[in-house]
Structure formats: C-alpha cells, structure tokens
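Trainee: I have a new model open and would like to learn how to read it. Could we go through it together?
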Amino acid sequence: MAKLRVEDLKRIKDASKGTVNLRDGAYRVKITVHMGTCGIAAGARKIMNSLLDKIQEADATDIILTSSGCAGLCNHEPMITVEVKDMAPVKYVLLDEEKIQRIFEEHVMKGNPVPEYALSVGSETTY
Amino acid sequence: MEDLSLHILDIVENATNAGATLVSVSIEEDSKKDLLEITIKDNGSGMDAQSLNGIRDPFFTSRSTRRVGLGVPLLEAAAREAGGHLRVDSQPGRGTEVRATFQAGHIDRKPLGDMGATLISLIMGNPEVDFVYESNLNGKNTSLDTRSIKKEIEGVTTITDPAVLKLIQDLVNDPE
C-alpha cells in the first residue's frame, strides 16, 4: 500500500529549515479561488494548481491561497480574488493559464493590478 | 464536469461549507464486479429530512448567492448515465454520507481523473479541515490521513507548503 513515506517528509523538513514560515499567520497577499460547482466545472481546479506551482516556483511564503464558494457570477468563472495587503481586492474573471501567469507576475508579486482581466474597475463615472 | 474527481471536489466543498472538520473520501473499483463506488462522508452540520428531500432538486440550494444548486444533481446524473445510482444519508448535527455507484466498465462512465489535484485543492483551500483518503482501484491501494501528515511536519512547515502538497498529489496519483 502506498503511504506517505517518512523520509519524504524528512526531506521537506530539511528543506524548510531556516526559512521562517508565514503560511499560518501573517501574509502579504491572499488569493481566493472561487470553487463552487460553476467554478469547478469551468476549470477552477486547474487555476488553483497552477497558482500553487507559481507560489512554489517563486518560493514565496507570504502568499495565502484559499478557496471559496460560488460568488453568484457563474458566467464569469473561473474567477479569483486577489487581495494585496492595504490595497483594494480585485476580482479577476474568465481566467486561463496565460492570464494567471500575468496576474501572478504583475499583481501578486509586484502589487500592480491588471485591469483588463478584472471584473470591473470602479462602478460609476461623473463624465 | 469532465471527470469524477471534479464531482468529488464539488461534493467535498459542500461538506466543508457545512462546517465539517473531517471529511473522508473512499473510492473502490472492482472490474470483476463491474463496480465503481465513491463514498464521501463528513461530520458537518448534516441535513434535516426536508433538506435531504430537496437535495436532488436542482432548484434547491442552501445558498443565497444564486437560486440553483447543481452539485448533487450533476453527480447523480453521472452515476445514472453509467448504470449506477446515488444515495445520500444525513442526520442533523451528525453529518452526511454521499455514496455514488457506477458500472465500472459502462461506456458512459466518466474517468476518475486527477484525484491528486482534487485532494491538494481541497487541502490548500481548507487547511483547517482534515481529510482521509482511501482508494482501492482493482487491487492498487492508496491511503492518507492529513492528521498524521500534520503531526509529522509540525513545527517545521505547514500542510499548505507546496512541497508537501506535491508529495500528496504524487502519492494519490501513483498507487501501489
């Protein structure tokens, strides 16, 4: 029977030695993947796994990746919400691998939102 | 939904939304009996008889963001298409058990898909919930329990460490 081998876990233990792990408490960015039935059917799991890869590649410990249910905008799925500390949360819609790549590079890592993939920017104009 | 692992992700999300702290998923495939059985059991809030009656109805949902709930009806449709059926048992305060059966070799039976990706998505999204996974696919077995993994890595890293999750994914997708 396949089991999680102790030596594999030990390897991880050794690898993480010395790095302060912030995954539990403080974080700089929180990414929420919307995982209702609609999101899952539209490809939310792929988005989640792709973000996980990017977090690992960037070796970032100050990013929280989490999931939530349906946000009531099923036709816009797959969707994520990116919250950089002290900045307004941004909902990104109709995502794919390429958009995720750019959002991760620009918004998550550098703090510059990508308005063209966002649900909306502002809601009213005076002109 | 393209495959059964996506249905499982969806149903387990229901369980975590119902306040479950422990969810167990078991998958058994026995081609000799032409049977594939998926059981998802949680210790969440459970449902009363009225909710339980409504659960197969696409226009029943406990949520307020939209008026339709398709998770359970879609899984039931997938089971029925493959000559199987769906059973849901639940008790308020005790939890819920969803059991879907399929004719394993039925031409319309969806493939199982990437169960590893489903499990790590669930763990990542709900790190405070514990998951037990057991599969027996024609004699190839895998089992894991996030409670023992958490204990093993305590004080060093967390279960949401991508390195730990990748290990879990490999383990689930490569049964011995």
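Mentor: Gladly! Let us begin with a strand pair: strand S1 (residues 29-34) of chain A runs antiparallel to strand S3 (residues 80-84) of chain A, with five bridges between them. Two strands pair if DSSP finds at least two bridges between them. Helices (H or I, at least four residues) and strands (E, at least two) are DSSP runs, numbered from the N terminus. This is a predicted model, in which local features need pLDDT of at least 70 and side-chain atom pairs count only at pLDDT 80 or more, while totals for chains, interfaces and linings use all residues. Residues are numbered from 1 along each chain as its sequence is written, and chains are lettered from A and ligands numbered from 1 in the order in which they are written.

Trainee: Which residue is the bridge partner of A:Val29 in S3(A)?

Mentor: A:Val29 has A:Val84 as its bridge partner there. In a regular strand, side chains alternate between the two faces of the sheet.

Trainee: What is the strand order of the open sheet in chain A?

Mentor: The order is S2-S1-S3-S4, four strands with mixed pairing. Strand S2 (63-68) and strand S4 (90-92) of chain A are at the edges with a single partner strand each, so one side of each has no neighbour in the sheet. On average, neighbouring strands of this sheet are turned by 20° against each other, direction ignored. Axes here are lines fitted to C-alpha atoms, for helices over the stretch in contact, and angles run from 0 to 180 degrees between N-to-C directions.

Trainee: How many helices and strands does chain B have?

Mentor: Chain B has six helices and six strands. Read from the N terminus, its elements run α-β-β-α-α-β-β-α-β-β-α-α. The six strands form an open sheet, again with mixed pairing, in the order S3-S4-S2-S1-S5-S6. S3 and S6 of chain B are the edge strands; each has a single partner strand, so one side of each lacks a neighbour in the sheet.

Trainee: Is B:Leu119 buried or exposed?

Mentor: A residue is buried if 20 or more other C-beta atoms lie within 10 Å of its own, exposed if 12 or fewer, and partly exposed in between, with C-beta atoms placed from the backbone. B:Leu119 counts as buried because it has 25 C-beta neighbours inside 10 Å. B:Leu119 lies in helix H4 of chain B. Leaving out residues up to four places away in sequence, B:Leu119 touches B:Phe131, B:Tyr133, B:Ile168 and B:Val172. Two residues are in contact if their C-beta atoms, placed from the backbone, lie within 7 Å.

Trainee: Which residues of H3(B) are buried?

Mentor: They are B:Gly71, B:Val72, B:Leu75, B:Glu76, B:Ala78 and B:Ala79. These residues cover an arc of only 160° around the axis, which puts them on the same side of H3(B). The arc is that of the directions from the helix axis to the C-beta atoms. Their cover includes helix H2 (37-42) of chain A, together with H1, strand S3 (86-91) and strand S4 (95-103) of chain B.

Trainee: How many residues does each chain give to the contact?

Mentor: Chain B gives 39 residues and chain A gives 32 residues. The elements of chain B that give two or more residues to this side are helix H1 (4-17), helix H3 (71-81), helix H4 (115-125), strand S6 (140-145), helix H5 (146-153) and helix H6 (162-173).
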